[in-house]
Amino acid sequence: INAEYMGTGFAYMRGHGVSDELKRLAITALNDPLYRGSGDPLLQDYILVSPAKPFQLPHWWPPGVPAAVLTTTYERLCAVGQEVLEALRPGMDRDPGDASWTNYAAPYNFMRCMRYPPKRGGPKEFGVPEHTDKSWITILDTDGVGGFEWRDAQGRWNHLPPRSDAMLVSTGDAAQILSNDYYQSRPHRAGNTSRVARVSFPLFFEPHGDWPEYSKVSKGPPMDFMVIPI
């Protein structure tokens, strides 16, 4: 695991024990026009699970579907993420008494379930532009439709195909800082070049805003959904 995060900063994780029930329900709902928060078929719609914004509009959840499906998956992924953080701890370059460990052990977690509309054939498509995550780690699952790419040190874009048996786990800016560049936070982007909708489920494990070095990881204004060339 250290070798993967020292190199690309990405690794596939199997045996996580997370049910596919949320994926099945969310994919169905996110592709149903009745549940589009904005009503605009061009815009990505998403469900957000966060201590700060639990189910706030337009972060909807379909009526009649128990929200426990979502929260149970969120809690399970949070537990899995804590195991990954513990596995990465030996690579962190800090003294045992450093205050950063408290933040590392109890990160601020939030999850999105996002829909990327099908490719429409124009010169630009909707997606998330090149960026790095501010997180310690990010766990990503998808519906099996590709669209995730990362940029290596030579400036080349590399496609990371989705796998039905695994989730993608990456190290972010905070992990690179705390490990003194031992772990890597690689620029990446997400879009959809297929003719069918793409649904993804990223869960971010971030430092709390009071982490003394949090401001150092910023690489520009906050990014959200934007029109980008594909």
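Modeller: A pocket here is an open set of grid points with protein on both sides within 12 Å along at least five of seven lines. Bear in mind that this is a predicted model.

Biologist: Fine. What volume does the second largest pocket have?

Modeller: The second largest pocket has a volume of about 190 Å³.

Biologist: Which residues lie nearest its centre?

Modeller: Asp-141, Thr-142, Pro-161, Pro-162 and Arg-163 lie nearest the centre, out of 20 residues that line the second largest pocket. Two elements give two or more residues to that lining: strand E5 (137–142) and strand E8 (167–171). The largest share comes from E5, with 3 residues.

Biologist: And how does the lining of that pocket divide by class?

Modeller: The lining of the second largest pocket has 10 nonpolar, 5 polar and 5 charged residues.

Biologist: Which residues line the largest cavity?

Modeller: The lining of the largest cavity consists of Phe-10, Asp-133, Ser-170, Thr-171, Gly-172, Ser-185, Arg-186 and His-188. By class that is 1 nonpolar, 5 polar and 2 charged residues.

Biologist: Changing topic. Which residues of the largest nonpolar core touch the most other members?

Modeller: Leu-88, Met-92, Tyr-104 and Met-111 do, in a core of 31 residues. The elements that give two or more residues to this core include helix H3 (68–88), helix H4 (100–105), strand E3 (108–116) and helix H5 (173–178). H3 gives the most, with 8 residues.

Biologist: Take Met-92, then. What does Met-92 touch, not counting residues up to four places away in sequence?

Modeller: Met-92 touches Trp-101, Tyr-104, Ala-175, Leu-178, Ser-179 and Tyr-183.

Biologist: On to the backbone. Where does Asn-180 lie?

Modeller: Asn-180 is in the loop between H5 and strand E9 (188–190). Its phi is near 60 degrees, a positive value in a residue other than glycine.

Biologist: Is Asn-180 buried or exposed?

Modeller: Asn-180 has a relative accessible area of 53%, so it counts as exposed, the cut-off being over 50%.

Biologist: And what is phi for Asp-181?

Modeller: Asp-181 has a positive phi of about 70 degrees, although it is not a glycine. Asp-181 is also found in the loop between H5 and E9. With 47% relative accessibility, Asp-181 counts as partly exposed.

Biologist: Last bit, the overall numbers. How many helices and strands are there?

Modeller: The protein has 5 helices and 11 strands. Of its 230 residues, 47% are buried. The accessible surface comes to about 11,200 Å², and 55% of that belongs to carbon and sulfur atoms.

Biologist: Which share of the contacts joins residues at least 24 apart?

Modeller: That share is 82%, among contacts between residues at least 6 apart in sequence.

Notes
Residues are numbered from 1 along each chain as its sequence is written. This is a predicted model: local features need pLDDT of at least 70, side-chain atom pairs count only at pLDDT 80 or more; totals for chains, interfaces and linings use all residues. Side-chain values use heavy atoms; hydrogens and water are left out. On a 1 Å grid over the protein atoms alone, a cavity is a set of points where a 1.4 Å probe fits but cannot get out, and a pocket is an open set with protein on both sides within 12 Å along at least five of seven lines; lining residues have an atom within 4 Å of a point. Grid points are joined across faces, edges and corners, and a volume is the space filled by probe spheres set on the points. Helices (H or I, at least four residues) and strands (E, at least two) are DSSP runs, numbered from the N terminus. Ala, Val, Leu, Ile, Met, Phe, Trp, Tyr, Cys and Pro count as nonpolar, Asp, Glu, Lys and Arg as charged, and the others, Gly among them, as polar. A nonpolar core is a set of buried Ala, Val, Leu, Ile, Met, Phe, Trp, Tyr and Cys residues joined through side-chain atoms within 4.5 Å. Buried means under 20% relative accessible area, exposed over 50%, partly exposed in between (1.4 Å probe, protein chains only). Contact means heavy atoms within 4.5 Å. Accessible areas come from the Shrake-Rupley method with a 1.4 Å probe; for residues, only the protein chains shown count as cover.
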